[in-house]
Amino acid sequence: LINQETKTIRQLSYRHSSERFSDLMILGHNLGRHAKLSPLRLKHSSFCPSCIHENGFIDAFWDLSMAIACPQHGHKGITHCPSCKNKIKWARSGLLVCQCGQDLSSLELANASEQAVDMMRIIEAILHRKTLDPKQNRSRFPVDLFSPSIPLDSLLQMLKRLGKFNLESMGVDGPYAPKDLTEAAVDTLVDWP
């Protein structure tokens, strides 16, 4: 953050305030005023240790509550400490250290489903304004509907609604965790139509 222009630092903020409103933001994407059903993971952390080893930071992708798997490595995101069993907090002494002191750098990582990883690639591409690679869509999602021109907020809200509808149609009672909504939405969109 040292020697950065104010506008560069402002882009990292979760909030953009005008005279009347305060909107949630991520990397310049307006996420609206969703205080109750936040598309952001504000209370607890999730991340891929392999990405931290390679990049030295946690990508903004993991700030999204629907980010459940690493688009690069195919692992499920780490959300709980294997030692203390608590959710990993944002405030801790290091990127790969739990608040209880447990080293999280050499955990055995569970693989995510191929479909979840494909959806995470779509979300990450839209978040970072990258072109979607059709070769990485093995699950045959309707990527033409998810082109980088779709607002990130619209995609996330659509996935939540699809996931909720799918869970309700299976008789699963809410409230639903973002992870469950994401997985249910992925199930709905595989091999579209």
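Colleague: How many helices and strands does the chain have?
Modeller: This is a predicted model, in which local features need pLDDT of at least 70 and side-chain atom pairs count only at pLDDT 80 or more, while totals for chains, interfaces and linings use all residues. Residues are numbered from 1 along each chain as its sequence is written, and side-chain values use heavy atoms, with hydrogens and water left out. Helices (H or I, at least four residues) and strands (E, at least two) are DSSP runs, numbered from the N terminus. Counted that way, the chain has five helices and three strands.

Colleague: Which percentage of the residues of the chain count as buried?
Modeller: The accessible surface (Shrake-Rupley method, 1.4 Å probe; for residues, only the protein chains shown count as cover) comes to about 11,300 Å², with 51% of it belonging to carbon and sulfur atoms. Buried means under 20% relative accessible area, exposed over 50%, and partly exposed in between (1.4 Å probe, protein chains only). Of the 193 residues, the share that counts as buried is 41%.

Colleague: Which element gives the most residues to the largest nonpolar core?
Modeller: A nonpolar core is a set of buried Ala, Val, Leu, Ile, Met, Phe, Trp, Tyr and Cys residues joined through side-chain atoms within 4.5 Å. The largest one has 50 residues, and Leu64, Met119, Ile123, Phe146 and Leu152 have the most contacts inside it. Two or more residues come from each of β2 (22-26), α2 (49-55), α3, α4 (152-169) and α5 (178-189). With nine residues, the one that gives the most is α3.

Colleague: Arg121 sits in α3; is Arg121 buried or exposed?
Modeller: Helix α3 covers residues 114-127, and Arg121 is found there. Because its relative accessibility is 17%, Arg121 counts as buried.

Colleague: Which residue has its backbone oxygen 3.0 Å from a polar atom of the Arg121 side chain?
Modeller: Contact here means heavy atoms within 4.5 Å. Leaving aside neighbours within four places in sequence, Arg121 is in contact with Pro71, Leu132, Gln136 and Arg138. The backbone oxygen 3.0 Å from a polar atom of its side chain belongs to Pro71.

Colleague: Which helices are included in what covers the buried residues of α5?
Modeller: α5 has 12 residues, and its end C-alpha atoms are 17 Å apart, which agrees with the 16 Å it should span. Its buried residues are Leu181, Thr182, Ala184, Ala185, Val186 and Leu189. Just after this helix, Asp191 takes a positive phi of about 55 degrees. The cover over those buried residues includes α3 and α4.

Colleague: How many degrees lie between the planes of the aromatic pair Phe61 and Trp62?
Modeller: Rings of Phe, Tyr and Trp (its six-membered ring) pair if their centres lie within 6.5 Å; planes under 30 degrees apart count as stacked, over 60 as edge-to-face and the rest as tilted. A search of the whole structure finds one such pair. Phe61 and Trp62 form it edge-to-face, 5.3 Å centre to centre, and the angle between the planes is 80 degrees.

Definitions and conventions:
A polar contact is a pair of N or O atoms within 3.5 Å; within protein, one must be able to donate a hydrogen and the other to accept it, and residues adjacent in sequence count only if both atoms are side-chain atoms. The expected span of a helix is 1.5 Å times one less than its number of residues.
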